[in-house]
Amino acid sequence: MMTYLVEGRTGPWELVVGLEVHAQVISRSKLFSGASASYGGEPNTHVSLVDAGFPGMLPVINRECVAQAVRTGLGLKARINLESRFDRKNYFYADLPTGYQISQFAHPIIGEGAVEIELADGATRTIGITRLHLEQDAGKSMHDQDPTRSFIDLNRAGVALMEIVSEPDIRTPEEAGAYLRKLRMILRYLGTCDGNMEEGSMRADVNVSVRKAGEPFRTRCEIKNVNSIRYVMQAIEVEAVRQVEIWESGGEVDQETRLFDPARGETRSLRSKEDAHDYRYFPDPDLLPLVIEEAWVESLAAVLPELPDAKRQRFQDEYGIPRYDAGVLVAEQATADFYETVARGRDPRLAANWVIGDLFAALNRTGRTIQDSPISADALGGMLDLVTDGTINGKIAKEVFEDMLETGDPAAAIVERKGLRQVTDTGAIDAAVQAVLAANADKLAEYRSGKDKLFGFFVGQVMKAMAGKGNPALVNEALKKVL
């Protein structure tokens, strides 16, 4: 295991990080009400009387949100608790109308699990999951709408969140980034959270501490609501340096909640960290304990989709592609599906090269995603068929691909329209070879005097003379025969 060391005046310090990820559950309605859980909408239009905290309103659990939590637990290889409980977490804030958040404290729905991450050097590590619990989101306070007043939007209030808590197993910023990417990938494959950090549907609280090698854990600070993987990694680095400076100057790091300011590259104190008992947790009197049946859990497990690690291994085994390529292709479910359509019944390595190389480059260039690719998987497969059957060669395929991007025409139609069919007539190839050799008598003499490297020059000249349409294998063969 590689340890990220923060160099201080007294020598190196080790980094210890744990992440609490808040993932918004994909569900049409909220955790305890029938109001819409969709993103956006005019302020306060997705709000029921339950969400607004009206007296006498009773919460009713959303079965689909429970199912989504169980699916996530199964995807994280975690323990599913058949009995769990909802508690009230009491605190007062303007966007929390009831004065408490319904959460799970002592008895979460999901227990210990694990996520395997892979680092840039190919090393793998397992990061432990402590728990996953369900809770309501709060509303949103907006302080920039009016010079003297704050505005409250309760559209988000009551939306179901899964809080996924890791063990303090992360030791480098790179591991934190890899963990978040892998977690987001698993959630997206499962269809339990869209992982869209820009819209706030996945946010991370980052717990950071430092210690000397072999020491027990020192005091940690929590950096709240970091909304991008890059910012999580940056926040860890700057907070670690801050803590090392405090310890080395003889001070004590206070346990507190902090905010990360990416513009200044620093963390700032938000509030001192309350211990759990300050929230006055107690079982929610309006909700019975949540009891689920083993048979129901098994029925959910039976229809889980193939997850990224299993799919990556299958791509390696079934298609014979390298581990790195398989990892790139399974990073998004849509990319994996696209590749499988292209590869079916064709050369899988050729398919992988075109999807990862030319197609990805084109999508980046045009600002598109695989879902709205201007070239469909079937269309790309059709072009590869023309390469395989010798209608066009690899060089002509590049030209056909660019035309497909611009026009949306199928490859076969472009080949006919532009007259790009590969020349396999050996008579025509022999004639081109003779013409090139006659025009380059000096190079021919050099070749025959022992400059074997000039063979490539002759191949290039013949292909140029044939406007790139010569069959490369036949051109090579004809040249070898003559030379």
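User: Which residue in β15 is the bridge partner of Arg88?

Analyst: Strands of a sheet pair through backbone hydrogen bonds, in a parallel or an antiparallel manner. Here the bridge partner of Arg88 in β15 is Phe282. This is a predicted model, in which local features need pLDDT of at least 70 and side-chain atom pairs count only at pLDDT 80 or more, while totals for chains, interfaces and linings use all residues. Residues are numbered from 1 along each chain as its sequence is written, and side-chain values use heavy atoms, with hydrogens and water left out.

User: How many bridges join β4 and β15, and in which sense do they pair?

Analyst: Strand β4 (residues 87-90) and β15 are antiparallel and share two bridges; two strands count as paired if DSSP finds at least two bridges between them. Strands (E, at least two residues) and helices (H or I, at least four) are DSSP runs, numbered from the N terminus.

User: What is the order of the strands in this open sheet?

Analyst: Its three strands follow the order β5-β4-β15, with antiparallel pairing. β5 (100-103) and β15 (282-283) are the edge strands, each with a single partner strand, so one side of each has no neighbour in the sheet.

User: Which way do the side chains of β10 point?

Analyst: In a regular strand, side chains alternate between the two faces of the sheet. From β10, Ala160, Met162, Ile164 and Ser166 point one way, whereas Leu161, Glu163 and Val165 point the other way. Seven of the seven residues of β10 are buried, so the strand is largely enclosed by the rest of the structure. Buried means under 20% relative accessible area (1.4 Å probe, protein chains only).

User: How many bridges join β10 to strand β2 and how many to β7?

Analyst: Strand β2 (residues 11-24) runs antiparallel to β10 and is joined to it by five bridges; within β10, Ile164 stands opposite Val21. β7 is also antiparallel to β10 (residues 160-166), with seven bridges between them. In β10, Val165 is the bridge partner of Arg131, and Ala160 is that of Gln136.

User: Is β7 mostly covered or uncovered, and how many of its residues are buried?

Analyst: Strand β7 (residues 124-136) is mostly covered, with ten of its 13 residues buried. β7 also pairs with β6, over six antiparallel bridges, and Thr126 in β7 stands opposite Glu116. The hairpin of β6 and β7 has five residues between the strands, and there Gly122 takes a positive phi near 90°.

User: Which residues have the most contacts inside the largest nonpolar core?

Analyst: Such a core is a set of buried Ala, Val, Leu, Ile, Met, Phe, Trp, Tyr and Cys residues joined through side-chain atoms within 4.5 Å. The largest one has 106 residues, and Met162, Ile164, Tyr179, Tyr339, Met383 and Val400 have the most contacts inside it. Helix α2 (residues 173-190) supplies the largest share, ten residues. The core lies between domain 1 (5-299) and domain 2 (306-418), because both give residues to it. These domain bounds come from an automatic or database assignment.

User: Where does the second largest pocket lie?

Analyst: Rolling a probe the size of a water molecule over the atoms shows where empty space is left. On a 1 Å grid over the protein atoms alone, a pocket is an open set of points where a 1.4 Å probe fits, with protein on both sides within 12 Å along at least five of seven lines; lining residues have an atom within 4 Å of a point. Domain 1 and domain 2 both give residues to the lining of the second largest pocket, so this pocket lies between them. Its lining has 28 residues, and Glu118, Lys182, Met185, Arg312 and Gly327 lie nearest its centre. Two or more lining residues come from each of β6 (113-118), α2, α5 (308-319) and α6 (323-330); α2 gives the most, with eight.

Note on methods
Buried means under 20% relative accessible area, exposed over 50%, partly exposed in between (1.4 Å probe, protein chains only).
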